[in-house]
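I opened a new page for this chain. I want to look up its helices, its surface and its charged pairs.

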Amino acid sequence: MSFVRTYRKPKVFGFTVLGALVLGALAGWLGKGTWLAPILAKIGSTFTALLQLTVIPLVFTAIVVGIASLRNLGGGRTAARLGGKTFLWFAITSFIAVLIGIAVATILKPGNGLQIEPAAGAVDKLAKRASGSWQALLDNLVPTNIFSAFTEGDVLQVVFIAVLVGFAAYALGDKAAPFTNLVRSFFEIVQRVVGWIILLAPIGIFGLIGNAVASYGNSFVKPLFSLILAVYLGTALVLFVVYPVLLKFVGKTSPVEFFRKAGTALQFAFVSRSSGATLPLSRKAATDLGVPTEYANFAVPLGTTTKMDGCAAVYPAVATIFIANLFGIQLSVWQYVGIVLVAVFGALATAGTTGWYTMLTLTLSVIGLPPAVIATGVAVVYAIDPILDMMRTATNVAGQITVPVLVARSENLIEEPAAPAEKDLVNA
């Protein structure tokens, strides 16, 4: 067996990724302030650019193909029921996640007694940036030009278009078969390209982690350790407690089996910080867990853009309480209720690469914090965002795989796999 074929095996690839993490951190520590730092940054940014290149076509084709494929699972009622249960579980898990975020932040009290003054330039820059709001969400949902949604990379608008096109193709049935087959072929092509990019992950991860260590070190991490601890603890509780309990008692699936089959996707999500780029691995993990391909093609891509318990539930809750503590603001019961409502109903606002920012500023605005506090507080947490984003994204992806398993089990659609031969990452 050749080296390339061995390297493509998920277990070998997983160990290679872990090795790249360790070596990248070491290189970042050794290269801080030297010629090595910009090289690490360039490697990481190039890998990230390659990943982002595929997100829009992958999301569009996956959702269209996924909705059209629901016809193979039954009639319109079955499709509607699957869609309804999917969104219901999205809301339920988001509700649980935001409560955990609030509880952890209330107990640990991150930001209490902390004195941090962010750079004035950073505050001014973020103050000029469009903040999250319900009005902006609704205004940006429907594109004025179908092509601009793709060229400008507006993920939420692309999702809206894909859902409309997908349901139209579903309704037309055989009449839309040529179009559906074309989109399915394009979907397979994009997946193959993403598979090739994923094979470069150890190199990209080496650069990303190395750059993070070289850029941040301990200078800004130490003062904000309470925030990092609260975010990581909250997301870890969701990832390693909530999801396994739901999988065990609702999905009738072994948590050990879940992490074994979803491990590569979670590792990749952690270091790439991109749910969209992890989509092929997430979809494969769901099907490996017995979710029918037709439903996985619908639920996983949809979850990739709208189901983010890390970015949209745990993190906004913890960061909001952190910012309130930083400025000595006592939150009321109704403000806590506002945090919960935004997490449950505002998940769509997280679609795209700046979703955490939109969700956090939306939460801060809804509970009524002053604009100056919002701008300054966001500037503080923004400084360590890459560190927080790794765990947030891993939690997002775990939820995007968990929910399809729960729904498929409730519909008796789980296909118990018979220990197939191990496939490689590209040809899976």
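Helices (H or I, at least four residues) and strands (E, at least two) are DSSP runs, numbered from the N terminus. The model is predicted: local features need pLDDT of at least 70, side-chain atom pairs count only at pLDDT 80 or more, and totals for chains, interfaces and linings use all residues. Residues are numbered from 1 along each chain as its sequence is written, and side-chain values use heavy atoms, with hydrogens and water left out.

**Entry 1. The whole chain**

I began with the helix and strand totals. The protein has 19 helices and 0 strands. Next I looked up burial. Buried means under 20% relative accessible area, exposed means over 50%, and partly exposed lies in between (1.4 Å probe, protein chains only). Of the 428 residues, 55% count as buried.

Then I looked up contacts, which are heavy atoms within 4.5 Å. I took contacts between residues at least 6 apart in sequence, and 84% of these join residues at least 24 apart.

**Entry 2. Spans from the record**

I checked UniProt next. Its unreviewed entry lists "transmembrane region" for residues 12-30, 50-74, 86-108, 155-172, 193-213, 225-246, 333-356 and 362-384. UniProt positions are in the numbering used here, feature names are shortened, and annotations may be inferred rather than shown by experiment.

I followed two of these spans in the model. Residues 225-246 are 100% helix and 0% strand, and their end C-alpha atoms lie 30 Å apart. Residues 193-213 are 90% helix and 0% strand, with the end C-alpha atoms 29 Å apart.

**Entry 3. The surface**

Accessible areas come from the Shrake-Rupley method with a 1.4 Å probe; for residues, only the protein chains shown count as cover.

I then looked for patches. Patches are made of residues with over 30% relative accessible area and no salt bridge; like charges are joined within 9 Å, and nonpolar side chains (Val, Leu, Ile, Met, Phe, Trp, Tyr) within 5 Å. A nonpolar patch on the surface has about 980 Å² of accessible area together, and its members include Ile107, Leu108, Phe225 and Val250. Helix H4 (76-108) and helix H11 (225-249) are the elements that give two or more residues to this patch. The largest share, 8 residues, comes from H11.

I picked one patch member, Val241. Val241 is found in helix H11. Its relative accessible area is 41%, so Val241 is partly exposed.

Is Leu82 buried or exposed? Leu82 is buried, because its relative accessible area is 1%. It is found in helix H4. I left aside neighbours within four places in sequence. Leu82 is then in contact with Leu70, Leu73, Tyr295, Val407, Glu411 and Leu413. I also looked up Leu82 and Ala299. They are 217 residues apart in sequence, but 8.9 Å apart in space, C-alpha to C-alpha.

Asp309 came next. It lies in helix H15 (residues 309-326). Asp309 counts as buried because its relative accessibility is 0%. Neighbours within four places in sequence aside, Asp309 is in contact with Thr93, Ser94, Ala97, Tyr243, Val314 and Asn396.

**Entry 4. Salt bridges**

A salt bridge is a side-chain nitrogen of Lys or Arg within 4 Å of a carboxyl oxygen of Asp or Glu. I searched the whole structure and found 7 salt bridges.

Which residues does Glu257 pair with? One partner is Arg260, with the closest N and O atoms 2.9 Å apart. Another is Lys261, with the closest N and O atoms 3.0 Å apart. Glu257 and Arg260 are 3 residues apart in helix H12 (residues 255-272), so about one helical turn separates them. Glu257 and Lys261 are 4 residues apart in helix H12, about one turn of the helix. Glu257 is partly exposed at 25% relative accessibility. Arg260 is exposed at 53%, and Lys261 is partly exposed at 22%.

I also looked up Arg392 and Asp389. Their side chains meet in a salt bridge (2.8 Å, N to O). They sit 3 residues apart in helix H19 (residues 385-410), so they are separated by about one helical turn. Arg392 and Asp389 are both buried. Elsewhere on my list, salt bridges that share partners join Arg81, Lys85 and Glu411 into one network.
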